[in-house]
Amino acid sequence: MEPKAIDFGIPATEFWVMTFGEIMSQIESNQRKREIELKEKAMFDYKSAQLNMYAFNDPSKMPTAEKHYPFLVDKEIKKIEQPEPDLEDWQSDKSLMMQQAMQIKATRERRKRIGGD
């Protein structure tokens, strides 16, 4: 049983000092840690694939590292910093909306002239 216990992460120097219950608890704990590590790695690989997709297809829409990996932002800093509305985005949205409204208005006027003639 010693070789199997060592394979599961129990130091050889401590194996003979531990009881069977302690050995089993340590093996189960090490196994849970390994499963968590594998899940984290799988998630990291998936997120990396998503970022590669952004970078390859549409780099302008690629999210920041902090947005894609929220755990990178310190919780204390996150509480202090309140996201300010981006005025440039608001202004560009407004100008786009105005252009669309003018196009709709022009289309309605053309239809009135065509239908009225």
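This is a predicted model: local features need pLDDT of at least 70, side-chain atom pairs count only at pLDDT 80 or more; totals for chains, interfaces and linings use all residues.
1. Asp45 counts as partly exposed at 38% relative accessibility, where partly exposed lies between buried (under 20% relative accessible area) and exposed (over 50%), with a 1.4 Å probe and protein chains only. The side chain of Asp45 meets that of Lys41 in a salt bridge of 3.2 Å, N to O, a salt bridge being a side-chain nitrogen of Lys or Arg within 4 Å of a carboxyl oxygen of Asp or Glu.

2. Residues are numbered from 1 along each chain as its sequence is written, and side-chain values use heavy atoms, with hydrogens and water left out.

3. On confidence, the mean pLDDT of the chain is 83, and 86% of its residues reach 70 or more, pLDDT being the predictor's confidence in each residue, from 0 to 100. Confidence is highest in helix 3, at a mean of 91, and lowest in helix 5 (residues 75–80), at 60.

4. The structure holds 3 salt bridges, among them that of Arg34 with Glu37, whose closest N and O atoms are 3.9 Å apart. Both residues lie in helix 3, 3 residues apart, and Arg34 is partly exposed at 47% relative accessibility, as is Glu37 at 45%.

5. Lys61 forms a salt bridge with Asp58, with 3.9 Å between the closest N and O atoms; Lys61 is exposed at 58%, whereas Asp58 is partly exposed at 29%.

Methods:
Helices (H or I, at least four residues) and strands (E, at least two) are DSSP runs, numbered from the N terminus.
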